[in-house]
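User: I'm new to this one and would like a walk through it. Can you take my questions as they come?

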Amino acid sequence: MCDVSESGRPLLDPLYSALSARLREVLADQPATESRLRALAEEADAGIRALEAQIRGSERRLRVLTADAASSLTEIASELRRVETLRPELIELTSLQGELERRARELRTQWLLSQTRSTRPSS
């Protein structure tokens, strides 16, 4: 089941919101080490897999509920709201993960370039 605010809108999961916030911080050019980037990439990957599993679970429940004539519309609506909440979180986290990977490649490239410049013999 999905938590719902007083306005009837599904509530965002604080774990995914916090992870997205950490990713946005690093992507806003906050200093980050290779190990921090790697750890965040692993967290993002785990978050994406968890969200995908939750969406698949809700979609399975929806198939079962819609196949059963005795299912209540309230249950179906709750699962639909849950999917409506999770999909945007998944899209955002996937996008942030892609940007994080791009940033990590850029940082590695800069580091490699600085290493080759520092090891060149002086003329």
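Predicted model: local features only at pLDDT ≥ 70, side-chain atom pairs only at ≥ 80, totals over all residues.

User: What does the side chain of R87 meet in a salt bridge?

Analyst: The partner of R87 is E59, with 2.2 Å from N to O. The two sit in distant parts of the chain: R87 belongs to helix 3 and E59 to helix 2, 28 residues apart.

User: And is E59 buried, exposed or partly exposed?

Analyst: E59 is partly exposed, at a relative accessible area of 25%.

User: Why do such side chains pair up at all?

Analyst: Side chains of opposite charge can pair when their charged atoms come close.

User: OK, stepping back. How many helices and strands are in the chain?

Analyst: The chain has three helices and zero strands. Read from the N terminus, the order of elements is α-α-α.

User: How much of the chain counts as buried?

Analyst: The chain has 123 residues, and 27% of them count as buried.

User: Which elements give two or more residues to the largest nonpolar core?

Analyst: First the core itself: it has 16 residues, and L23, L40, L51, L93 and L100 have the most contacts inside it. Helix 1 (14-27), helix 2 (34-67) and helix 3 (73-119) each give two or more residues to this core.

User: Pick L40. What does it touch?

Analyst: Leaving aside residues up to four places away in sequence, L40 touches L19, R22, L23, V26 and L100.

User: At what angle do helix 1 and helix 2 pack?

Analyst: The angle between helix 1 and helix 2 is about 145°, and their axes are 11 Å apart. Their crossing is left-handed.

User: Which residues meet there, between helix 1 and helix 2?

Analyst: From helix 1 there are Y16, L19, R22, L23, E25 and V26. They meet R36, L37, L40, E43, A44, G47, A50, L51 and Q54 of helix 2. Sorted by class, this contact of helix 1 with helix 2 has nine nonpolar, two polar and four charged residues.

User: Back to salt bridges. How many are there in the whole structure?

Analyst: A search of the whole structure gives nine salt bridges.

User: Which residue does E79 meet in one?

Analyst: The side chain of E79 meets that of R61, at 3.1 Å from N to O. E79 lies in helix 3 and R61 in helix 2, so this pair ties together parts 18 residues apart in sequence.

User: Is E79 buried or exposed?

Analyst: E79 is buried, with a relative accessible area of 6%.

User: What about R102, what does its side chain meet?

Analyst: R102 forms a salt bridge with E106, 2.5 Å from N to O. Both residues lie in helix 3, four residues apart, which is about one turn of the helix. R102 is partly exposed at 32% relative accessible area, and E106 counts as partly exposed at 38%.

User: Which residues are linked in a network of salt bridges?

Analyst: E34, R38 and R108 are linked that way.

User: Last one. Among contacts with a separation of 6 or more, what share comes from residues 24 or more positions apart?

Analyst: Residues 24 or more positions apart account for 68% of those contacts in the chain.

Note on methods: Residues numbered from 1 in each chain as written. Heavy atoms only, no water. Core = buried A, V, L, I, M, F, W, Y, C linked by side-chain atoms within 4.5 Å. Buried < 20%, exposed > 50% of the residue type's maximum accessible area, 1.4 Å probe, protein only. Contact = heavy atoms within 4.5 Å. Salt bridge = Lys/Arg side-chain N within 4 Å of Asp/Glu carboxyl O. Axes fitted to C-alpha atoms, helices over the stretch in contact; angles between N-to-C directions. Left-handed = near helix turned anticlockwise from the far one by under 90°. Nonpolar A, V, L, I, M, F, W, Y, C, P; charged D, E, K, R; others polar.
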